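Please read this report with the sequence and the coordinates open. The structure is shown first, and the notes come after it.

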Amino acid sequence: MSGLAEGWIDLSGRIALVTGGASGIGRASARALAAAGATVLVLDFNEAGAAETADLIRGDGGAAMARALDVIDETAWTALGDWIAETWDRIDVLVNSAGVARFDRVEEGMSKTYREAFAVNVDGSLFGMAMALRFMRPAGKGAIVNISSTASLKGNPAMASYGASKAAIAHFTRSAALECMRAGGDIRVNAVLPGFTDTAMAQAVYDQFDDKLGGRDKTLAVFAAGRPAQPEEIANMVLFLASDRAGFVSGSIISVDRAQGA
Ligand SMILES: NC(=O)c1ccc[n+]([C@@H]2O[C@H](COP(=O)([O-])OP(=O)(O)OC[C@H]3O[C@@H](n4cnc5c(N)ncnc54)[C@H](O)[C@@H]3O)[C@@H](O)[C@H]2O)c1
């Protein structure tokens, strides 16, 4: 452990939950939080991937556990809350990173893709926030980081439902942040808007567009600011927002995208 995480940000003694922790931005965030001293619960419906992330964290000398969770299952969130009440009885940090991309167009009707994108990207994050607040509200402190997207900032002719779902969660972030501040205490809720990031989800974009657009360089020109972000570059912002260093930051919607959404 070295650099930023070692001295400037200290999450020792904190319990952090990361959904979508089996892969990409979720995995990088889980590792960053653990490197800063948090005990991380890695959540994903990909149980093997979540366990692998926890193994990586323990291999780095950090503390982590993994648990299967389908974020669209509200009952499973309640069961997770009951388990946490028995285990730690606290949640200091929640990162909602589980997400799915869907390729669709408004003129196609898109009822299936719309429901799938909203179920995971919106419902999943809302269930997570409600469950975390069950612990954060009585404690009067906590940090929630929702992973939205630069796709929330403007229209997208190929991923209409995805962009709308990410705009919805950014807006719910603002409302949740206000609710928490007005209730008193120190609970902060923020959203990170990654630009195109080199993960399994990006691979789906490559698969969908490389042929149509004329190759990888053209796909990157359309979807990324020259190059995709590495997941760790997004995780750095997640780590900051999860920490006390971001003590006056709440209700903020923060792009990490090298001007991609500008
Ligand atoms: N990769 C990008 O270019 C990019 C850009 C902007 C925003 N994002 C957002 O970042 C977040 C992480 O995506 P990523 O790029 O790391 O993709 P990823 O595919 O690598 O990771 C997504 C993770 O979410 C998990 N997941 C999906 N549905 C789930 C469910 N119902 N329950 C539990 N887990 C579920 C997957 O198993 C996977 O581990 C997503 O919310 C995504 O929308 C990604």
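## Model and conventions

The model is predicted: local features need pLDDT of at least 70, side-chain atom pairs count only at pLDDT 80 or more, and totals for chains, interfaces and linings use all residues. Residues are numbered from 1 along each chain as its sequence is written, and side-chain values use heavy atoms, with hydrogens and water left out.

## The sheet

Seen in order, the strands of an open sheet of 7 run S3-S2-S1-S4-S5-S6-S7, with parallel pairing. Helices (H or I, at least four residues) and strands (E, at least two) are DSSP runs, numbered from the N terminus; two strands pair if DSSP finds at least two bridges between them. Strand S3 (63–68) and strand S7 (253–256) are at the edges, and each has a single partner strand, so one side of each lacks a neighbour in the sheet. From one strand to the next the twist averages 20°; axes are lines fitted to C-alpha atoms, for helices over the stretch in contact, and angles run from 0 to 180 degrees between N-to-C directions.

Strand S5 (residues 141–147) and strand S6 (residues 186–194) run parallel and are joined by 7 bridges. In this pair, Ile 147 stands opposite Val 192 of S6. Helix H3 (residues 47–59) packs on the sheet, where it touches strand S2 (39–44) and S3, and its direction makes about 175° with that of S3. Helix H5 (residues 111–139) also packs on the sheet, touching strand S1 (15–19), strand S4 (93–96), S5 and S6, with its direction at about 170° to that of S5. Contact here means heavy atoms within 4.5 Å.

## The ligand site

Which residues come nearest to the ligand? Of the 28 residues around it, they are Ser 23, Asp 44, Tyr 162, Thr 197 and Thr 199; a residue is near a molecule if one of its heavy atoms lies within 4 Å of it.

A side-chain N or O atom of Asp 44 is 2.6 Å from an oxygen atom of the ligand. The ligand taken alone exposes 830 Å², of which the protein buries 93%. Accessible areas come from the Shrake-Rupley method with a 1.4 Å probe; for residues, only the protein chains shown count as cover.

Asn 190 lies in strand S6 and counts as buried, at 1% relative accessibility. Buried means under 20% relative accessible area, exposed over 50%, and partly exposed in between (1.4 Å probe, protein chains only). The side chain of Asn 190 reaches the backbone oxygen of Val 249 at 2.9 Å. Beyond its neighbours within four places in sequence, Asn 190 is in contact with residues including Ile 144, Thr 173, Leu 241 and Ser 252.

Thr 197 sits in the loop between S6 and helix H7 (200–213). Thr 197 is buried, with a relative accessible area of 6%, and its side chain reaches the backbone oxygen of Gly 195 at 2.6 Å. Not counting residues up to four places away in sequence, Thr 197 touches several residues, among them Ile 25, Pro 228 and Ile 234. Ala 16, in strand S1, is buried with a relative accessible area of 0%. Its C-alpha atom and that of Ala 34, 18 residues apart along the chain, are separated by 8.4 Å.

Terms used
Polar contact = N/O pair within 3.5 Å; in protein donor to acceptor, adjacent residues only side chain to side chain.
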